Amino acid sequence: MSGRTLFEKIWDDHIVTGDDPALLYVDLHLVHEVTSPQAFAGLDHAGRKVRRPDLTLATVDHAIPTTARSLGIRDPRSKKQVDTLRVNTEKHGITFFGLDDPRQGIVHVVGPENGYTQPGKVIVCGDSHTSTHGAFGALAFGIGTSEVEHVLATQTLWQRRPRTMAVEFDGPVPPGVTAKDLILGMISQLGVGGGQGHVIEYRGEAIRSLSMEERMTVCNMSIEGGARAGMIAPDETTLAYLEDRPLAPKGGDWEAAVDYWESLTTDPDAVFDTTHHIDAANLIPHVSWGINPAQTAPITSSVPDPDAFSDPIDRDSVVRALQYMDLRPGTRFVDIPVQHVFVGSCTNGRIEDLRSAAHIVAGKKVASGVTAVVVPGSMQVKAQAEAEGLAEIFESAGFSWREAGCSSCLAMNDDVIPTGERCASTSNRNFEGRQGRGARTHLMSPAMAAAAAVAGHLVDVRDWS
Amino acid sequence: MTPISVVTGTMVPLPQADIDTDQIIPKQFLTRIERTGYGDFLFHDWATTEEGAPSSDFFVNDPQRAGAKVLVAGRNFGCGSSREHAVWAIQDWGFDAVIAPSFGDIFRNNCVNVGLLTVELPDDHVALIQQIAQDPNATIRVDLEQQVVEAADYVFEFDIDPEVKERLLQGLDPIGLTLQEEAVIAAYESRRPVWLT
């Protein structure tokens with residue numbers, strides 16, 4: 001019998017009953033205001049209760065304002081949604097990081113930073129970017145509202161066993177190239193549906209060298225390549241991040257947990273269903289030019305010509321993208337002007353992301369005509385950035401410094417990019433209308449977005465001085 | 001959940017690849033706390049002007065397409081966000097089935113959970129059905145029990161996960177079924193390590 005992959009070990013350890021489909025036990029259920037109200041309503045309607053409130057954590061992030069908390073929520077529907085979550089969590093005894101809690105933030109930022117996210121756990125949330133938590137060697141994936149209700153009621157989920165995919169990032173990461181470029185580069189090569197039906201394990205020298213924040217950026221965007229989950233085996237970097245986090249095991253429990261976590265690596269003789277290689281050593285910083293995250297290319301290149309695509313469906317897709325994005329084939333990416341810059345999101349709203357952006361803008365000014373905003377991923381990230389002087393750097397440069405939330409990543413609150421305007425964004429999706437109806441998104445790393453804010457156009461951050 | 005066995009009716013072709021759930025139901029409708037009433041907002045930003053008036057002959061504005069039962073979509077339909085609201089909107093508008101070469105994984109799971117039938121067929125079969133669907137009066141018949149799609153003179157067989165098929169045919173409540181596994185769930189919980197809080 002051949003060895004097992006990291007994914008297979010976690011899967012096997014969580015089977016309550018069945019084989020394929022298996023009933024999987026859920027160790028951590030993260031809940032937010034947008035995809036949970038109908039689930040709680042369904043539970044109440046059927047007279048059911050939450051099976052394990054102690055394994056459930058709720059926060060508000062998607063639709064809340066990022067202006068001063070004292071101003072409250074202006075939009076009555078968002079306010080009702082947030083109030084509904086507060087009432088539901090009180091009723092069922094679930095820990096709730098509400099708007100006035102210093103631990104509030106984006107669900108995929110607060111889970112890790114408070115130690116809820118741990119290797120080997122099965123983690124679910126009614127949000128497709130739940131794949132983020134796979135950075136710790138957890139099996140983490142997004143679910144719909146019906147499944148949220150199922151997990152609330154039973155702490156389990158019926159799942160078909162997905163296929164396994166290894167993505168090997170070969171070679172060291174070159175200077176100026178970030179985790180965001182690794183994942184954008186991969187998605188541009190595999191396509192937006194390339195990971196369908198698979199769980200990806202990210203491997204290789206480039207991945208091992210990444211910090212936890214960087215690993216979270218990589219795993220976060222697994223879903224943009226079509227994979228519900230992406231994961232990285234835990235190692236010393238993982239343990240160093242976790243130790244002493246509020247919810248991390250303590251004392252003898254820590255030792256026992258580490259013993260188990262150290263077993264969570266893919267065996268040398270394990271077999272993946274699919275393997276891809278990415279040449280990380282020769283990677284160039286990437287930007288998106290189209291309306292899905294696979295429509296992405298190196299910053300040194302230019303807007304593609306639809307005629308270069310042989311598949312008619314791909315060609316139509318490029319034509320539509322260039323029309324929406326108002327771009328002409330052959331335009332160099334570095335010549336594309338931007339009117340907005342957004343630094344934040346569950347992809348790039350962590351402390352290291354803010355440090356990276358602040359490093360670029362220190363002592364400089366946002367270009368005239370550019371509106372630049374930093375939205376920390378959590379209130380703890382915000383506090384830390386303020387303590388380190390990052391907030392001051394951003395504000396002196398002309399950035400707006402906000403309260404934590406999802407903000408312009410999906411623009412459910414007031415942080416909407418106007419029609420026809422162009423945004424350099426550290427978020428994860430460049431879908432039509434994502435940041436505002438008719439708004440044009442270019443995805444990139446925090447350093448690249450920060451440089452674009454100062455230059456007023458896209459730039460190759462490797463040329464930055 | 002209403003059981004599904006056969007879906008018969010007219011159809012709507014939507015050949016574009018990679019249609020994401022942000023397009024199916026834009027974010028401005030996600031602040032509602034209800035599970036119903038999303039049909040009016042299906043593909044809202046493609047179908048309306050900024051002021052909210054109908055902007056085009058897109059199918060939701062086309063009286064000839066009203067009452068259609070089957071959406072015939074492009075590859076990777078429903079990719080992106082996990083929002084189940086996208087499935088609620090498609091179903092609430094009146095569709096009972098979606099046919100495509102492939103689907104986003106989370107979207108397809110969500111469809112099973114609300115009783116919307118998804119059928120995967122090869123690209124060329126889907127293209128052929130989309131061709132037939134150019135005629136708004138053309139009908140299609142999707143038979144889940146027999147696993148066949150019939151349109152014009154064509155009959156296409158399709159594969160489906162037998163467990164999903166059973167759930168759709170019977171309209172089963174999955175939570176009620178899982179709760180019958182109480183003993184094994186409790187036994188599993190008693191085996192979990194103490195540090196795993």
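Q: How many strands form the open sheet of chain A, and in what order?
A: There are 3, in the order E1-E2-E8, with antiparallel pairing. Strands here are DSSP E runs of at least two residues, helices are H or I runs of at least four, and both are numbered from the N terminus. Two strands pair if DSSP finds at least two bridges between them. This is a predicted model, where local features need pLDDT of at least 70 and side-chain atom pairs count only at pLDDT 80 or more, while totals for chains, interfaces and linings use all residues. Residues are numbered from 1 along each chain as its sequence is written, and chains are lettered from A and ligands numbered from 1 in the order in which they are written.

Q: Which strands stand at the edges there?
A: E1 (15-18) and E8 (156-159) of chain A; each has a single partner strand, so one side of each is left without a neighbour in the sheet. From one strand to the next, the twist averages 25° (angles run from 0 to 180 degrees between N-to-C directions, with axes fitted to C-alpha atoms, for helices over the stretch in contact).

Q: How many bridges join E2(A) to E8(A)?
A: 4, with E2 covering residues 22-25 of chain A. A:Ala22 has A:Gln159 as its bridge partner in E8(A).

Q: And what packs on that sheet?
A: H8(B), which touches E1, E2 and E8 of chain A and makes about 150° with the direction of E1(A). Contact means C-beta atoms, placed from the backbone, within 7 Å.

Q: How many residues does each chain bring to the contact between A and B?
A: Chain B gives 45 residues and chain A gives 58. On the side of chain B, H4(B) gives the most, with 6 residues. That side divides into 17 nonpolar, 13 polar and 15 charged (nonpolar is Ala, Val, Leu, Ile, Met, Phe, Trp, Tyr, Cys and Pro; charged is Asp, Glu, Lys and Arg; the others, Gly among them, are polar).

Q: Switching to chain B: what's the strand order in its open sheet?
A: E4-E3-E2-E1-E5-E6-E7, so 7 strands with mixed pairing. E2 (residues 70-73) and E3 (residues 97-100) of chain B pair in the parallel sense over 3 bridges, and B:Leu71 has B:Val98 as its bridge partner.

Q: Last one: at what angle do H13(A) and H16(A) cross?
A: Roughly 30°, with the axes of H13 (residues 351-361) and H16 (residues 446-455) of chain A coming within 8 Å. That makes H13(A) roughly parallel to H16(A) (under 35 degrees is roughly parallel, over 145 roughly antiparallel, 65 to 115 roughly perpendicular and the rest oblique).

Note on methods. Two residues are in contact if their C-beta atoms, placed from the backbone, lie within 7 Å.
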